[in-house]
Every structure is written in C-alpha cells, then in structure tokens.
Amino acid sequence: MLIKKTDPIKSSEITDQKVYFNRRLFLRGAALAASTAVTGLLYRQLTTPSDETPAAVEKIANVQSPAQTATTATSEPLTPRADITNYNNFYEFSTSKTSVAGRARNFNARPWTISVEGLANKPRTFDLDDLLRIAPPEERIYRLRCVEGWSMVIPWIGFSLHKLLEQVEPLSSAKYVAFQTLLDPRRMPNQKSNVLEWPYVEGLRMDEALHPLTILATGLYGETLPPQNGAPLRLVVPWKYGFKSIKSIVKISLVADEPPATWNIAAPSEYGFYSNVNPAVPHPRWSQARERRIGEWGTRPTLPFNGYADEVAHLYQGMNLKTYF
Ligand code: MTE
C-alpha cells in the first residue's frame, strides 16, 4: 500500500488555516441557517415498497439533517489540503497517485454540462453554473475511507444529490442511478490506455442516491474543486469506499436495473456493487479492519459504514452484507 509522505505543493498555494477556519465558521452558519429539510416526499415515493409500514416511513423521513451531520464530524482534525490534492486516484490522468495533480493541472472544467436522463418525467441537460443556482453548495465535512486502507477528513463543498434528481422528477420505475465520467482522451490522456474500461462508470441504488448524506461535490477547503479531485463535479458517498466517488461527471441516468461500476467490471471478486465500508469483510488480498489516517502515525480501527451507521445502516436491513459487499 502506498502512503504519501512528501508534500510537493508550494506552501503559498495552501489555504491558510486561519483564513479557512474563519470562512468555515461563516459557511457553517449559512448552512445551519438555510433550510435543511430533506425532501421527504420524493424520498418516500421512490424508496418505499408498497407494503412498507408507517413506522419505517417515519424512520426514513427522520434521517439526520445534512447540517447537523457536517458539524458532528468537525471534532476530527481535517486532513491538510496539500495531502487531499496531491495523493489522488484518477486513472484518466495517471495510475500514480502522486502524478495525477501535475498531469491534470491544465484540465479545463468550464463550460460543463450534466445530462440527467432515463426514467424521469423531465429529463434535462443542466449547465453546471445554472445547477449551482438551483442547488447552492454548502460545506460537508466527511471522512473518506479508501479501499486501499488510508483515510482522510475532507471539508467538501457540495449539495445533496437529491436536489438535482428532484429537478427531473424520477419515475417510480427508476430503482438505480448510473453515473458516467467524461470520455475525452484529448483532455484525459490516460483514457488512451486500456488500464480500465472507459468511460469510468458508477452506480447507486435509488435510496442511497436520495439519502441526504450523498452529495455532488464542487469544491473543497472553501475553494473550487481542483482537477485532480474530480472537477468540476464528483460524487461523494461517505459510508462507501472512495472508489464509488466518481469524478468529472457528465451523465446521470435513472435506470431500472443495477448499473455497471468500473471497479466491479475490472475485478468483480474484489469490488462489489455496494462497497460499503465494512471492517468485517476483508478485501481478498488484505484486511479492511484498520485504516491509516493520512498525516497520522499508526493505524486506527475502521468503523462500520465508515462511522455513519446511525444514518445509513437502516438502508441495508435484512441484507447479508458479506454477500452484498
Ligand atoms: N473517478 C474517476 N473518473 N476515475 C478514477 O480513477 N478513482 C476512484 C474515485 N473516483 C477514480 C474516480 C478512487 S479509486 C478513489 S479512492 C477516489 O476517486 C479518490 O478520490 P481523491 O483523489 O479525491 O482522493
């Protein structure tokens, strides 16, 4: 396993912590002041089996609000920006984590459109800047746990994916959401190699996609998302392994069947569709019981669902998570 030790970014490029923390207090206040009501109706319409009891519906509707969740994670030290932006997996640019930032440096992520299509009443292509007016981003501090055994605490800027999905009015036949990265080997040169099948694709079950913790991130540390982290828009699902967080998304499709996912295509016995962080299910070649927080010495235990069990464990009630790994 590779753990980054060097810090190639210039200190002048790193957000000053004091500036950042002042801005963060402002952002948190704004996020708390804003309405954080979950769109319970859409969530219930699309995720409630017809025979679901009122008690179960109540539980879904009472999912912790995004703002509360963001603040509970702030007691953990944030991973330095230099580590978040110089230790990356983004195979479209390089398979070497420390080379991605340099190779992606000139990637231009504007203008950018996202097509939201498939089983929806109002499929539509959004210009990203219009979308940000519809769904203003707020700060979400989430732990990210990579399947390789390292983890970070990242102050994302983003908005709940459900805010985008509700714009297109998904049909009740839409059971899954499929995501696709830009396919453009001129701009993403490693797509000329066959190291993975291109374009990179990912998928979520509809209830996972509508969960308020699931966000589309457009920034980190109070700034626009750098190319190496998936500019201009990437998925973040904090209770799943990092590889589910598909970068530079251009297409989102509402579909009836479980969609393909890049790492599951590449190595199905190693990477399942669900990929929930689970210390009890080892990767076939190494344990997932512990993790190394980037910037710390030693390791710490990995928590079920990456520490978000209170918020998300109910989504998987009755499922054998060793089978559905
Ligand atoms: N998305 C695309 N399009 N291509 C990739 O190679 N790598 C994934 C995920 N999203 C990847 C991707 C993996 S393996 C991880 S761990 C995370 O992005 C890493 O995100 P980070 O570089 O922001 O830490």
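**Figure 1. The charged end of K244 sits over the ring of F273 in this predicted model.** The charged end of K244 is 4.4 Å from the centre of the F273 ring. F273 belongs to one aromatic cluster, together with Y176, Y274, F305, Y316 and Y324.

**Figure 2. Y87 and W150 form an edge-to-face aromatic pair.** The structure holds 14 aromatic pairs. In the one shown here, the ring centres of Y87 and W150 lie 5.2 Å apart and the planes meet at 70°, so the pair counts as edge-to-face. Y87 is in the loop between α5 (81–84) and α6 (100–104), while W150 is in strand β4 (residues 150–160), so the pair ties together parts separated by 63 residues in sequence. Both Y87 and W150 are buried.

**Figure 3. F93 and F107 form an edge-to-face aromatic pair.** The planes of the F93 and F107 rings are at 80° and their centres are 5.7 Å apart, so this pair is edge-to-face. F93 lies in the loop between α5 and α6, and F107 in the loop between α6 and β1 (113–118), so the pair ties together parts that are 14 residues apart in sequence. F93 has a relative accessibility of 3% and therefore counts as buried. F107, at 9% relative accessibility, counts as buried too.

**Figure 4. The ligand is surrounded by 15 residues.** The closest of these residues are N88, Y91, E92, S245 and K247. A polar backbone atom of Y91 is 2.7 Å from an oxygen atom of the ligand. An N or O atom in the side chain of E92 is 2.7 Å from a nitrogen atom of the ligand. For R234, an N or O atom of the side chain is 3.0 Å from a ligand oxygen atom.

**Figure 5. V168 is a buried residue of helix α8 (residues 161–168).** The relative accessibility of V168 is 0%, so V168 counts as buried. V168 and K122 are 46 residues apart in sequence, but their C-alpha atoms are 4.5 Å apart in space. Leaving aside neighbours within four places in sequence, V168 is in contact with V116, A120, N121, K122, P123, R124, F126 and L254.

**Figure 6. The side chains of E270 and H283 are joined by a polar contact.** The length of this contact is 3.0 Å. E270 lies in the loop between α10 (262–266) and β11 (290–293). Its relative accessibility is 18%; the cut-off for a buried residue is under 20%, so E270 counts as buried. Not counting residues up to four places away in sequence, E270 touches H283, P284, R285 and F325.

**Figure 7. Cis peptide bonds join R110 to P111 and W198 to P199.** Most peptide bonds are trans. For the bond between R110 and P111, omega is about -5°. P111 is in the loop between α6 and β1. For the bond between W198 and P199, omega is about -5°. P199 is found in the loop between β5 (176–181) and β6 (201–205).

**Figure 8. Y221 and S248 have a positive phi.** Most residues other than glycine have a negative phi. Y221 is not a glycine, yet its phi is about 50°. This residue, Y221, is in the loop between β7 (215–220) and β8 (223–224). With 1% relative accessibility, Y221 counts as buried. S248, also not a glycine, has a phi of about 45°. S248 is found in the loop between β9 (234–236) and β10 (249–255). S248 is buried, with a relative accessible area of 0%.

**Figure 9. The protein chain has 11 helices and 12 strands.** Buried residues make up 53% of its 325 residues. Of the contacts in the protein chain with a separation of 6 or more, 73% are between residues 24 or more positions apart. The average pLDDT of the chain is 84, and 77% of the residues score at least 70. Over residues 1–19 the pLDDT is below 50, and this stretch has 30 contacts in the model beyond near neighbours in sequence. Over residues 47–72 the pLDDT stays under 50, and the model has 39 contacts beyond four places in sequence for these residues.

Methods:
Residues numbered from 1 in each chain as written. Heavy atoms only, no water. pLDDT = per-residue confidence, 0-100. Contact = heavy atoms within 4.5 Å. Phe/Tyr/Trp six-rings, centres within 6.5 Å; stacked < 30°, edge-to-face > 60°. Helix = DSSP H or I, 4+ residues; strand = E, 2+ residues; numbered from the N terminus. Buried < 20%, exposed > 50% of the residue type's maximum accessible area, 1.4 Å probe, protein only. Lys NZ or Arg CZ within 6 Å of the ring centre and 35° of its normal. Near = heavy atom within 4 Å. Polar contact = N/O pair within 3.5 Å; in protein donor to acceptor, adjacent residues only side chain to side chain.
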